[in-house]
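Hi everyone, thanks for coming. Please take a look at the sequence and the model on the screen, and then I'll walk you through it.

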Number of protein chains: 2
Amino acid sequence: MAKLTNRKNGSRKEMISLAAARLFREKGFASTGMRDLAGDVGVEAASLYNHIRSKSELLQEICFRVANDFTAQLQEVENNNTLNSIEKLEAIVRFHVTMWVNRLDEVMVTNNESKYLEEPYNATFLNERRIYVRRLEQIIEEGIAKGQIRKVQPYSVVLTLLSAVRGIEFWHRTKKNISASELEESMIIHLVEGLKK
Amino acid sequence: MAKLTNRKNGSRKEMISLAAARLFREKGFASTGMRDLAGDVGVEAASLYNHIRSKSELLQEICFRVANDFTAQLQEVENNNTLNSIEKLEAIVRFHVTMWVNRLDEVMVTNNESKYLEEPYNATFLNERRIYVRRLEQIIEEGIAKGQIRKVQPYSVVLTLLSAVRGIEFWHRTKKNISASELEESMIIHLVEGLKK
DNA sequence: AAACAATACTAACAGGTGTTAGTACAATTA
DNA sequence: TAATTGTACTAACACCTGTTAGTATTGTTT
(Lines give C-alpha, C1' and ligand atoms only; values in the text may rest on other atoms or scores of the structure.)
Protein backbone atom coordinates (compact mmCIF):
# COMPACT_ATOMS: atom_id res chain seq x y z
CA MET A 1 0.00 0.00 0.00
CA ALA A 2 3.05 2.16 0.20
CA LYS A 3 2.85 4.56 -2.69
CA LEU A 4 -0.81 5.41 -2.87
CA THR A 5 -1.05 5.82 0.85
CA ASN A 6 2.02 7.99 1.02
CA ARG A 7 0.58 10.18 -1.67
CA LYS A 8 -2.68 10.41 0.19
CA ASN A 9 -0.90 11.00 3.47
CA GLY A 10 1.29 13.58 1.84
CA SER A 11 -1.57 15.59 0.44
CA ARG A 12 -3.46 15.36 3.71
CA LYS A 13 -0.47 16.61 5.58
CA GLU A 14 -0.01 19.40 3.06
CA MET A 15 -3.61 20.44 3.64
CA ILE A 16 -3.00 20.55 7.37
CA SER A 17 0.22 22.50 6.97
CA LEU A 18 -1.46 25.00 4.66
CA ALA A 19 -4.37 25.53 7.02
CA ALA A 20 -1.95 25.81 9.93
CA ALA A 21 0.07 28.51 8.17
CA ARG A 22 -3.07 30.52 7.53
CA LEU A 23 -4.36 30.16 11.08
CA PHE A 24 -0.97 30.81 12.67
CA ARG A 25 -0.77 34.02 10.67
CA GLU A 26 -4.30 35.18 11.42
CA LYS A 27 -4.58 34.23 15.08
CA GLY A 28 -0.96 33.66 16.05
CA PHE A 29 0.62 30.33 16.96
CA ALA A 30 -0.31 30.41 20.63
CA SER A 31 -3.93 31.37 19.99
CA THR A 32 -4.50 28.72 17.35
CA GLY A 33 -5.98 25.63 18.95
CA MET A 34 -5.74 22.14 17.56
CA ARG A 35 -9.53 22.16 17.52
CA ASP A 36 -9.52 25.30 15.35
CA LEU A 37 -7.10 23.66 12.97
CA ALA A 38 -9.06 20.42 12.92
CA GLY A 39 -12.26 22.31 12.19
CA ASP A 40 -10.63 24.00 9.22
CA VAL A 41 -9.45 20.66 7.87
CA GLY A 42 -12.84 19.09 8.53
CA VAL A 43 -11.84 16.54 11.14
CA GLU A 44 -11.66 16.01 14.89
CA ALA A 45 -8.62 17.35 16.73
CA ALA A 46 -7.34 13.92 17.72
CA SER A 47 -7.36 12.79 14.10
CA LEU A 48 -4.68 15.31 13.22
CA TYR A 49 -2.22 13.18 15.13
CA ASN A 50 -2.43 10.47 12.49
CA HIS A 51 -0.59 12.93 10.22
CA ILE A 52 1.54 15.11 12.45
CA ARG A 53 3.60 14.54 15.55
CA SER A 54 2.69 17.76 17.34
CA LYS A 55 1.59 21.36 16.96
CA SER A 56 5.22 22.38 17.29
CA GLU A 57 6.21 20.21 14.37
CA LEU A 58 3.87 22.17 12.13
CA LEU A 59 5.57 25.41 13.08
CA GLN A 60 9.01 23.91 12.59
CA GLU A 61 8.20 22.72 9.10
CA ILE A 62 6.79 26.08 8.05
CA CYS A 63 9.70 28.10 9.43
CA PHE A 64 12.47 25.92 8.04
CA ARG A 65 10.81 25.42 4.68
CA VAL A 66 10.73 29.19 4.24
CA ALA A 67 14.22 29.68 5.65
CA ASN A 68 15.60 27.05 3.28
CA ASP A 69 13.95 28.66 0.29
CA PHE A 70 15.49 32.01 1.14
CA THR A 71 18.90 30.48 1.70
CA ALA A 72 18.78 28.47 -1.51
CA GLN A 73 18.00 31.55 -3.55
CA LEU A 74 20.76 33.50 -1.89
CA GLN A 75 23.17 30.70 -2.78
CA GLU A 76 22.11 30.95 -6.42
CA VAL A 77 22.66 34.68 -6.49
CA GLU A 78 26.05 34.38 -4.86
CA ASN A 79 27.10 31.82 -7.45
CA ASN A 80 25.93 33.90 -10.40
CA ASN A 81 29.09 35.67 -11.53
CA THR A 82 27.34 37.59 -14.30
CA LEU A 83 25.76 39.90 -11.71
CA ASN A 84 27.46 42.89 -10.12
CA SER A 85 26.74 43.78 -6.51
CA ILE A 86 23.80 46.04 -7.23
CA GLU A 87 22.23 43.44 -9.47
CA LYS A 88 22.68 40.83 -6.76
CA LEU A 89 20.91 43.01 -4.22
CA GLU A 90 18.17 43.71 -6.72
CA ALA A 91 17.65 40.00 -7.36
CA ILE A 92 17.49 39.31 -3.65
CA VAL A 93 15.01 42.10 -2.93
CA ARG A 94 12.86 40.97 -5.86
CA PHE A 95 12.83 37.47 -4.44
CA HIS A 96 11.80 38.76 -1.03
CA VAL A 97 8.98 40.77 -2.56
CA THR A 98 7.82 37.72 -4.51
CA MET A 99 7.84 35.56 -1.40
CA TRP A 100 5.86 38.14 0.57
CA VAL A 101 3.35 38.51 -2.24
CA ASN A 102 2.88 34.82 -3.09
CA ARG A 103 3.47 33.06 0.20
CA LEU A 104 2.29 35.58 2.75
CA ASP A 105 1.04 33.05 5.30
CA GLU A 106 4.23 31.05 5.54
CA VAL A 107 6.51 34.06 5.39
CA MET A 108 4.61 35.96 8.05
CA VAL A 109 4.53 32.94 10.33
CA THR A 110 8.25 32.56 9.84
CA ASN A 111 8.79 36.22 10.72
CA ASN A 112 6.35 36.61 13.58
CA GLU A 113 5.91 33.21 15.18
CA SER A 114 9.37 31.64 15.00
CA LYS A 115 9.93 32.64 18.62
CA TYR A 116 7.57 29.83 19.58
CA LEU A 117 9.90 27.21 18.10
CA GLU A 118 11.09 24.80 20.76
CA GLU A 119 14.76 24.41 21.45
CA PRO A 120 17.00 23.59 19.78
CA TYR A 121 15.01 24.69 16.74
CA ASN A 122 14.70 28.27 17.88
CA ALA A 123 18.44 28.62 18.37
CA THR A 124 19.12 27.01 15.02
CA PHE A 125 16.67 29.31 13.32
CA LEU A 126 18.14 32.46 14.85
CA ASN A 127 21.60 31.29 13.88
CA GLU A 128 20.59 30.69 10.29
CA ARG A 129 19.06 34.15 10.17
CA ARG A 130 22.23 35.70 11.53
CA ILE A 131 24.27 33.97 8.87
CA TYR A 132 21.84 35.06 6.17
CA VAL A 133 22.18 38.69 7.26
CA ARG A 134 25.95 38.32 7.36
CA ARG A 135 26.04 37.05 3.79
CA LEU A 136 23.98 40.01 2.62
CA GLU A 137 26.35 42.34 4.41
CA GLN A 138 29.23 40.74 2.55
CA ILE A 139 27.60 41.40 -0.80
CA ILE A 140 27.32 45.07 0.15
CA GLU A 141 30.86 45.23 1.48
CA GLU A 142 32.15 43.71 -1.72
CA GLY A 143 30.12 46.19 -3.76
CA ILE A 144 31.60 49.08 -1.82
CA ALA A 145 35.10 47.72 -2.24
CA LYS A 146 34.57 47.37 -5.98
CA GLY A 147 33.18 50.88 -6.22
CA GLN A 148 29.74 49.64 -7.33
CA ILE A 149 27.90 50.72 -4.18
CA ARG A 150 27.97 53.98 -2.25
CA LYS A 151 29.67 54.03 1.12
CA VAL A 152 26.87 52.93 3.43
CA GLN A 153 26.58 51.04 6.70
CA PRO A 154 26.16 47.46 5.44
CA TYR A 155 24.42 46.17 8.56
CA SER A 156 21.95 49.01 8.69
CA VAL A 157 21.16 48.69 4.99
CA VAL A 158 20.53 44.97 5.31
CA LEU A 159 18.16 45.48 8.24
CA THR A 160 16.32 48.11 6.24
CA LEU A 161 16.04 45.99 3.12
CA LEU A 162 14.80 42.91 4.95
CA SER A 163 12.24 44.81 6.98
CA ALA A 164 10.97 47.15 4.30
CA VAL A 165 9.27 44.35 2.40
CA ARG A 166 7.21 43.54 5.47
CA GLY A 167 5.01 46.44 4.43
CA ILE A 168 3.55 44.05 1.89
CA GLU A 169 1.57 42.58 4.76
CA PHE A 170 -0.64 45.66 4.78
CA TRP A 171 -0.84 45.86 1.01
CA HIS A 172 -2.36 42.37 1.04
CA ARG A 173 -5.45 43.65 2.84
CA THR A 174 -6.29 46.21 0.17
CA LYS A 175 -4.70 45.12 -3.07
CA LYS A 176 -6.83 47.39 -5.17
CA ASN A 177 -4.73 50.54 -5.33
CA ILE A 178 -1.59 49.08 -6.80
CA SER A 179 -0.58 45.83 -8.50
CA ALA A 180 2.07 43.44 -7.26
CA SER A 181 4.48 44.29 -10.05
CA GLU A 182 4.06 48.03 -9.54
CA LEU A 183 4.74 47.50 -5.86
CA GLU A 184 7.85 45.48 -6.68
CA GLU A 185 9.24 48.10 -9.07
CA SER A 186 8.52 50.88 -6.61
CA MET A 187 10.33 49.08 -3.83
CA ILE A 188 13.33 48.26 -6.01
CA ILE A 189 13.67 51.90 -7.01
CA HIS A 190 13.22 53.19 -3.50
CA LEU A 191 15.49 50.67 -1.80
CA VAL A 192 18.15 49.67 -4.32
CA GLU A 193 18.46 52.61 -6.73
CA GLY A 194 19.74 54.87 -3.99
CA LEU A 195 22.64 52.54 -3.26
CA LYS A 196 24.17 52.97 -6.70
CA LYS A 197 27.31 55.00 -6.86
CA MET B 1 -6.56 59.90 50.91
CA ALA B 2 -7.08 60.69 47.30
CA LYS B 3 -3.80 62.12 46.11
CA LEU B 4 -1.24 59.93 47.78
CA THR B 5 -3.18 56.84 46.94
CA ASN B 6 -3.64 57.86 43.37
CA ARG B 7 0.06 58.49 43.09
CA LYS B 8 0.80 55.10 44.59
CA ASN B 9 -1.85 53.46 42.47
CA GLY B 10 -0.52 55.26 39.43
CA SER B 11 3.03 54.13 39.93
CA ARG B 12 1.93 50.60 40.70
CA LYS B 13 -0.15 50.53 37.57
CA GLU B 14 2.75 51.95 35.58
CA MET B 15 4.95 49.17 36.87
CA ILE B 16 2.39 46.61 35.76
CA SER B 17 1.99 48.22 32.36
CA LEU B 18 5.74 48.36 31.87
CA ALA B 19 6.19 44.72 32.82
CA ALA B 20 3.25 43.80 30.61
CA ALA B 21 4.78 45.56 27.62
CA ARG B 22 8.02 43.69 28.09
CA LEU B 23 6.35 40.32 28.53
CA PHE B 24 3.90 40.86 25.68
CA ARG B 25 6.85 41.62 23.42
CA GLU B 26 8.98 38.70 24.56
CA LYS B 27 6.34 35.98 24.82
CA GLY B 28 3.46 37.45 22.88
CA PHE B 29 0.12 38.60 24.31
CA ALA B 30 -1.57 35.21 24.17
CA SER B 31 1.34 33.37 25.76
CA THR B 32 1.75 35.80 28.62
CA GLY B 33 -0.20 34.59 31.62
CA MET B 34 -1.45 36.76 34.42
CA ARG B 35 0.67 34.60 36.71
CA ASP B 36 3.77 35.42 34.65
CA LEU B 37 2.97 39.09 34.87
CA ALA B 38 2.22 38.91 38.58
CA GLY B 39 5.50 37.10 39.18
CA ASP B 40 7.39 39.87 37.43
CA VAL B 41 5.67 42.51 39.52
CA GLY B 42 6.21 40.48 42.70
CA VAL B 43 2.63 39.76 43.58
CA GLU B 44 -0.07 37.11 43.21
CA ALA B 45 -2.10 37.06 40.01
CA ALA B 46 -5.36 37.98 41.69
CA SER B 47 -3.77 41.08 43.22
CA LEU B 48 -3.28 42.59 39.79
CA TYR B 49 -7.01 43.13 39.61
CA ASN B 50 -6.82 45.77 42.30
CA HIS B 51 -5.03 47.90 39.69
CA ILE B 52 -6.31 46.82 36.31
CA ARG B 53 -9.65 45.77 34.94
CA SER B 54 -8.43 42.98 32.68
CA LYS B 55 -5.54 41.65 30.63
CA SER B 56 -7.13 43.20 27.57
CA GLU B 57 -7.12 46.62 29.16
CA LEU B 58 -3.34 46.45 29.47
CA LEU B 59 -3.00 45.79 25.76
CA GLN B 60 -5.43 48.57 24.91
CA GLU B 61 -3.53 51.11 26.94
CA ILE B 62 -0.20 50.18 25.39
CA CYS B 63 -1.48 50.23 21.81
CA PHE B 64 -3.39 53.49 22.05
CA ARG B 65 -0.71 55.27 24.03
CA VAL B 66 1.76 54.51 21.25
CA ALA B 67 -0.72 55.29 18.50
CA ASN B 68 -1.54 58.64 20.09
CA ASP B 69 2.13 59.55 20.39
CA PHE B 70 2.68 58.85 16.70
CA THR B 71 -0.40 60.78 15.70
CA ALA B 72 0.48 63.75 17.89
CA GLN B 73 3.93 64.01 16.36
CA LEU B 74 2.51 63.77 12.85
CA GLN B 75 0.15 66.62 13.70
CA GLU B 76 3.09 68.75 14.80
CA VAL B 77 4.97 68.07 11.59
CA GLU B 78 1.96 68.84 9.47
CA ASN B 79 1.52 72.16 11.25
CA ASN B 80 5.13 73.18 10.89
CA ASN B 81 5.14 75.37 7.79
CA THR B 82 8.87 75.97 7.85
CA LEU B 83 9.46 72.42 6.59
CA ASN B 84 9.27 71.34 2.98
CA SER B 85 7.96 67.89 2.08
CA ILE B 86 11.30 66.11 2.27
CA GLU B 87 12.04 67.68 5.63
CA LYS B 88 8.65 66.60 6.88
CA LEU B 89 9.31 63.01 5.85
CA GLU B 90 12.73 63.16 7.42
CA ALA B 91 11.28 64.40 10.71
CA ILE B 92 8.70 61.63 10.69
CA VAL B 93 11.20 58.89 9.95
CA ARG B 94 13.53 60.23 12.64
CA PHE B 95 10.67 60.09 15.12
CA HIS B 96 9.87 56.51 14.14
CA VAL B 97 13.51 55.52 14.60
CA THR B 98 13.59 57.21 17.99
CA MET B 99 10.44 55.43 19.09
CA TRP B 100 11.78 52.05 17.98
CA VAL B 101 15.08 52.68 19.72
CA ASN B 102 13.75 54.09 22.99
CA ARG B 103 10.39 52.39 23.43
CA LEU B 104 10.92 49.04 21.76
CA ASP B 105 8.60 47.05 24.02
CA GLU B 106 5.56 49.25 23.57
CA VAL B 107 6.14 49.85 19.88
CA MET B 108 6.63 46.17 19.11
CA VAL B 109 3.56 45.21 21.08
CA THR B 110 1.60 47.83 19.18
CA ASN B 111 2.86 46.45 15.88
CA ASN B 112 2.67 42.74 16.57
CA GLU B 113 -0.02 42.20 19.17
CA SER B 114 -2.69 44.75 18.30
CA LYS B 115 -4.65 42.01 16.55
CA TYR B 116 -5.56 40.70 20.00
CA LEU B 117 -7.42 43.90 20.85
CA GLU B 118 -11.08 43.22 21.51
CA GLU B 119 -13.71 44.91 19.45
CA PRO B 120 -14.39 47.71 19.00
CA TYR B 121 -10.81 48.60 19.90
CA ASN B 122 -9.29 46.54 17.13
CA ALA B 123 -11.43 48.21 14.49
CA THR B 124 -10.67 51.64 15.90
CA PHE B 125 -6.96 50.89 15.93
CA LEU B 126 -6.92 49.68 12.33
CA ASN B 127 -8.87 52.72 11.29
CA GLU B 128 -6.45 55.09 13.00
CA ARG B 129 -3.58 53.34 11.31
CA ARG B 130 -5.25 53.67 7.92
CA ILE B 131 -5.73 57.38 8.46
CA TYR B 132 -2.12 57.76 9.60
CA VAL B 133 -0.91 56.09 6.39
CA ARG B 134 -3.22 58.28 4.36
CA ARG B 135 -1.80 61.43 5.90
CA LEU B 136 1.73 60.33 5.09
CA GLU B 137 0.66 59.66 1.52
CA GLN B 138 -0.67 63.19 1.33
CA ILE B 139 2.65 64.65 2.39
CA ILE B 140 4.31 62.73 -0.42
CA GLU B 141 1.65 63.68 -2.95
CA GLU B 142 2.04 67.31 -2.00
CA GLY B 143 5.81 67.04 -2.33
CA ILE B 144 5.47 65.58 -5.81
CA ALA B 145 3.04 68.30 -6.83
CA LYS B 146 5.43 70.97 -5.57
CA GLY B 147 8.36 69.36 -7.37
CA GLN B 148 10.20 68.59 -4.13
CA ILE B 149 9.88 64.82 -4.39
CA ARG B 150 10.52 62.47 -7.30
CA LYS B 151 7.56 60.82 -8.96
CA VAL B 152 7.02 57.75 -6.79
CA GLN B 153 4.11 55.58 -5.72
CA PRO B 154 3.06 57.33 -2.49
CA TYR B 155 1.36 54.29 -0.99
CA SER B 156 4.26 51.98 -1.67
CA VAL B 157 6.77 54.48 -0.30
CA VAL B 158 4.79 54.89 2.90
CA LEU B 159 4.59 51.14 3.44
CA THR B 160 8.31 50.89 2.89
CA LEU B 161 9.16 53.74 5.26
CA LEU B 162 6.96 52.47 8.06
CA SER B 163 8.20 48.90 7.81
CA ALA B 164 11.87 49.58 7.24
CA VAL B 165 12.36 50.88 10.77
CA ARG B 166 11.13 47.55 12.13
CA GLY B 167 14.63 46.26 11.42
CA ILE B 168 15.62 48.06 14.61
CA GLU B 169 14.08 45.13 16.45
CA PHE B 170 17.06 42.98 15.44
CA TRP B 171 19.59 45.72 16.07
CA HIS B 172 18.39 45.81 19.68
CA ARG B 173 19.71 42.30 20.27
CA THR B 174 23.28 43.18 19.29
CA LYS B 175 23.76 46.89 19.72
CA LYS B 176 27.50 46.66 19.67
CA ASN B 177 28.27 47.08 15.98
CA ILE B 178 26.63 50.44 15.43
CA SER B 179 25.25 53.22 17.60
CA ALA B 180 21.67 54.44 17.61
CA SER B 181 22.57 57.74 15.95
CA GLU B 182 24.62 56.05 13.24
CA LEU B 183 21.69 53.76 12.59
CA GLU B 184 19.35 56.73 12.38
CA GLU B 185 21.56 58.64 9.93
CA SER B 186 22.03 55.56 7.79
CA MET B 187 18.31 54.96 7.59
CA ILE B 188 17.55 58.58 6.76
CA ILE B 189 20.04 58.53 3.92
CA HIS B 190 18.87 55.21 2.59
CA LEU B 191 15.16 55.89 2.84
CA VAL B 192 14.70 59.65 2.42
CA GLU B 193 17.67 60.87 0.41
CA GLY B 194 16.60 58.87 -2.62
CA LEU B 195 13.23 60.60 -2.72
CA LYS B 196 14.74 64.01 -3.39
CA LYS B 197 14.30 65.37 -6.87
C1' DA C 1 -9.06 56.17 68.52
C1' DA C 2 -12.17 55.20 64.80
C1' DA C 3 -13.20 54.88 60.10
C1' DC C 4 -11.65 54.33 55.67
C1' DA C 5 -9.50 53.10 51.47
C1' DA C 6 -5.89 50.59 49.14
C1' DT C 7 -3.87 46.55 48.37
C1' DA C 8 -2.32 42.01 49.30
C1' DC C 9 -3.64 37.25 50.09
C1' DT C 10 -5.98 32.24 49.48
C1' DA C 11 -9.27 29.45 47.30
C1' DA C 12 -11.94 28.45 43.75
C1' DC C 13 -14.56 28.71 39.24
C1' DA C 14 -15.70 27.28 34.54
C1' DG C 15 -13.72 26.56 30.45
C1' DG C 16 -9.84 25.71 27.34
C1' DT C 17 -5.10 23.41 26.23
C1' DG C 18 -2.27 19.71 23.60
C1' DT C 19 -2.14 15.10 23.53
C1' DT C 20 -2.92 9.88 24.30
C1' DA C 21 -5.49 5.42 24.41
C1' DG C 22 -8.47 2.53 22.49
C1' DT C 23 -11.48 1.37 18.82
C1' DA C 24 -14.02 1.01 14.34
C1' DC C 25 -14.17 1.14 9.55
C1' DA C 26 -12.52 1.34 4.88
C1' DA C 27 -9.36 0.41 1.25
C1' DT C 28 -5.25 -1.93 -0.37
C1' DT C 29 -2.00 -5.77 -0.54
C1' DA C 30 -0.65 -10.62 -0.10
C1' DT D 1 -10.24 -14.31 1.43
C1' DA D 2 -7.22 -12.85 5.06
C1' DA D 3 -4.06 -9.68 6.70
C1' DT D 4 -2.51 -5.16 6.80
C1' DT D 5 -2.51 -0.36 6.82
C1' DG D 6 -4.31 4.36 7.04
C1' DT D 7 -7.35 7.24 9.02
C1' DA D 8 -11.31 8.65 11.42
C1' DC D 9 -13.80 8.60 15.77
C1' DT D 10 -15.04 9.13 21.18
C1' DA D 11 -13.49 9.68 25.75
C1' DA D 12 -10.44 11.15 28.74
C1' DC D 13 -6.06 13.03 30.97
C1' DA D 14 -3.53 16.53 33.51
C1' DC D 15 -2.66 21.01 33.31
C1' DC D 16 -3.26 25.88 32.42
C1' DT D 17 -6.36 30.11 31.55
C1' DG D 18 -8.41 34.82 33.13
C1' DT D 19 -11.11 36.19 36.61
C1' DT D 20 -14.10 36.57 41.02
C1' DA D 21 -15.30 36.28 46.03
C1' DG D 22 -14.16 36.86 50.41
C1' DT D 23 -10.90 38.22 53.84
C1' DA D 24 -6.80 40.06 56.33
C1' DT D 25 -3.45 43.68 56.69
C1' DT D 26 -1.61 48.03 56.20
C1' DG D 27 -1.17 52.93 56.34
C1' DT D 28 -3.68 57.36 56.08
C1' DT D 29 -7.36 60.71 57.22
C1' DT D 30 -10.88 62.45 60.22
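**Two copies and how they meet**

Chain A can be laid on chain B by a turn of 180° and a shift of 0.0 Å along the axis, with an RMSD of 0.0 Å; the copies are superposed by least squares on the C-alpha atoms of residues with pLDDT of at least 70 in both. The two copies are thus related as by a two-fold rotation axis. In chain A, the C-alpha nearest that axis belongs to A:Ala164, 2.0 Å from it.

A quick note: this is a predicted model, where local features need pLDDT of at least 70, side-chain atom pairs count only at pLDDT 80 or more, and totals for chains, interfaces and linings use all residues. Residues are numbered from 1 along each chain as its sequence is written, while chains are lettered from A and ligands numbered from 1 in the order in which they are written.

So, how many residues of chain A are in contact with chain B? 28 residues of chain A are in contact with 28 residues of chain B, contact being C-beta atoms, placed from the backbone, within 7 Å. 100% of the interface residues of chain A are also interface residues in chain B, so the copies meet through the same surface.

Which elements give two or more residues to chain A's side? They are helix H7 (154-164), helix H8 (168-171) and helix H9 (180-191) of chain A, helices being DSSP runs of H or I with at least four residues, numbered from the N terminus. The largest share, eight residues, comes from H7(A).

Technical notes: Contact = placed C-beta atoms within 7 Å.
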